[in-house]
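Hi there,

Here is the structure I promised to pass on to you. Have a look at it first, and then read on for what turned up.

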Amino acid sequence: MKKLDKLIIKTFIGPFIATFFVTLFVLIMQFVWKYIDDLVGKGLDTPVIVELLAYTSAGLVPLAMPLAVLLSSIMTFGNLGESFELVAIKSSGISLLRFIRPLFILSCIIALGAFLFSNYIIPIANLRAKSLLYDITQSKPAFNIKQGVFYTDIPGYVIKVARKEPDNKTIHQVMIYDRTAGTRNERLILAEKGLMELSQDKRYLNFTLENGWRFEDKSDPRGTGNNELVRVGFKKYKMPFDLASFAFDRLPMDLFASNQQMLNIRQLDEGIDSLYRVDSTFGRTTSAYISTRYPFYKWKDTGWMALAPPLKAAAFYDIIPAKSRRYVLDRVESNIRDAESSLTTTAKDFSDNFKRILLFKVEWQRKFSLALACVVLFLIGAPLGSIIRKGGLGTPLVFAVIFFVIFNIFFMLGEKMARNDVMATWSGMWLANIVLLPIAIFLVVKAMNDSNLFNQEFYYRSYKRFKQYIQRKRNKHEISA
């Protein structure tokens, strides 16, 4: 390896690592902002939150990698151009293509690593992240009784506390409405004061109430008229509440294993083949259903209609005896309803299976398109940095964000059209790369020719020349007039 290759690789590695983690952090914050309502107030332990963020960040690596390559390549070549190192290299007879060759090879290696990561690591990370996120979103908020508000999250109870003291344990003017399934008659408990305490295993919430009354309606549910209201006073009354419904339970991850995001390339191929086999059964099922219930269907291609004797009446309905017409019409209507119901169900199953095939194909193409995006965005960033000749984070970040937004818009648009069968799955998932590749080639050509594409003075001189040209044309027209 030449010293020049080592120089350019060392210059690239630092910005790449920094921008990669910054980009990954921004994407993680976007995820947290999206699910903030499901995460806050659930009483989750720190290890659970760290586990969720770790698995989620692994799933965001393929999206962060292209942006990191784009931004770091612009920064690298912008810094070299700003310090006139690019000028010195070109003046020594080294072409731009030779200069960017080591980084191009490195970007191909990064793309290969991104593909391997997407194929072997991300399916496992997605499986764990999606199952954990589902468990979190389905869990109830942490136990928190607010004063002056009816609390109904404990199954079978409605609790209202008029006032809570700063210790968050002592409560005043307590009302508890008991409507649990195990209680035959409804009960209402009123107390002047109480104390809330969790058991040591945090399984039960114990209420110790003081100076109150317990009302119980013992009316006969059969409506015999034997109504009775029991009122019992107490000085101290202990009432436990089971908090099992607030526990954070983990569902088996196998329930999510069939989703296309949890599969690698080999598993996706097997899944697509299985879905196509299911797809082929719908036609045979429909054909068998129609041929067994409607005998004329099997004669449609035999030429029977050409040999059939003509009807003696104007319509087939006139041949049916009058006393049998009602019966025949009922049978026909029943068969039509039966056929419509069966065929509608089959058509829905066929549509659902076809949509699932599209999802599997989209995921298959995603693993390759996002990996190759690293190379395409490098071919944009490297010549762009050598043209703008600005280092640091200012100007490179602006151009990187612009091109990444363009990439993201076309990528999401293509994915949506591929999912909805508006475009073929391969063209939809590769739409962003197809759009940006001509731009990359254009920028490479401009950079090889030392273009002033982003030079403000170049555009100013061009504007002045255009203005002078218009002025000469106007003067010439006035003289001729």
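In which helix does Val401 lie? Val401 belongs to helix 11, which covers residues 394-419. Please keep in mind as you read that this is a predicted model.

Let's stay with Val401 for a moment. Its relative accessibility is 42%, so Val401 counts as partly exposed. Val401 and Leu71 are 330 residues apart along the chain, yet their C-alpha atoms are separated by 8.3 Å.

Next, the salt bridges. The structure holds 9 of them. One is found where the side chains of Glu270 and Arg266 meet, at 3.1 Å from N to O. These two residues are 4 residues apart in helix 7 (residues 265-293), which means that about one helical turn separates them. Glu270 has a relative accessibility of 44% and therefore counts as partly exposed.

Helix 11 comes back with another pair. Arg366 forms a salt bridge with Glu415, and their closest N and O atoms are 2.6 Å apart. This pair links distant parts of the chain, since Arg366 is in helix 10 and Glu415 is in helix 11, 49 residues apart. Are Arg366 and Glu415 buried or exposed? Both Arg366 and Glu415 are buried. For Glu415 the relative accessible area is 13%, and buried means under 20%.

Glu415 also forms a salt bridge with Arg419, with the closest N and O atoms 3.1 Å apart. Arg419 and Glu415 are 4 residues apart in helix 11, so they are separated by about one helical turn. Arg419, at 30% relative accessibility, counts as partly exposed. Put together with Glu363, the residues Arg366, Glu415 and Arg419 are linked in a network of salt bridges.

Now for how two of the helices pack. Helix 4 (residues 61-82) and helix 10 (residues 325-388) have axes 7 Å apart and pack at an angle of about 20°. Because angles under 35 degrees count as roughly parallel, helix 4 is roughly parallel to helix 10. The crossing of helix 4 past helix 10 is right-handed.

Last, a look at the surface. Which residues form a nonpolar patch there? Val22, Phe25, Val26 and Met29 do, and together they have about 380 Å² of accessible area. Val22 lies in helix 1, which runs over residues 3-34. With 52% relative accessibility, Val22 counts as exposed, because the word applies over 50%.

Happy exploring, and do write back with any questions!

Best wishes

Methods. Residues numbered from 1 in each chain as written. Predicted model: local features only at pLDDT ≥ 70, side-chain atom pairs only at ≥ 80, totals over all residues. Heavy atoms only, no water. Patch = residues over 30% accessible without salt bridge, like charges linked within 9 Å, V, L, I, M, F, W, Y side chains within 5 Å. Areas by Shrake-Rupley, 256 points an atom, 1.4 Å probe, with all protein chains shown as cover. Salt bridge = Lys/Arg side-chain N within 4 Å of Asp/Glu carboxyl O. Buried < 20%, exposed > 50% of the residue type's maximum accessible area, 1.4 Å probe, protein only. Axes fitted to C-alpha atoms, helices over the stretch in contact; angles between N-to-C directions. Parallel < 35°, antiparallel > 145°, perpendicular 65-115°, else oblique. Left-handed = near helix turned anticlockwise from the far one by under 90°.
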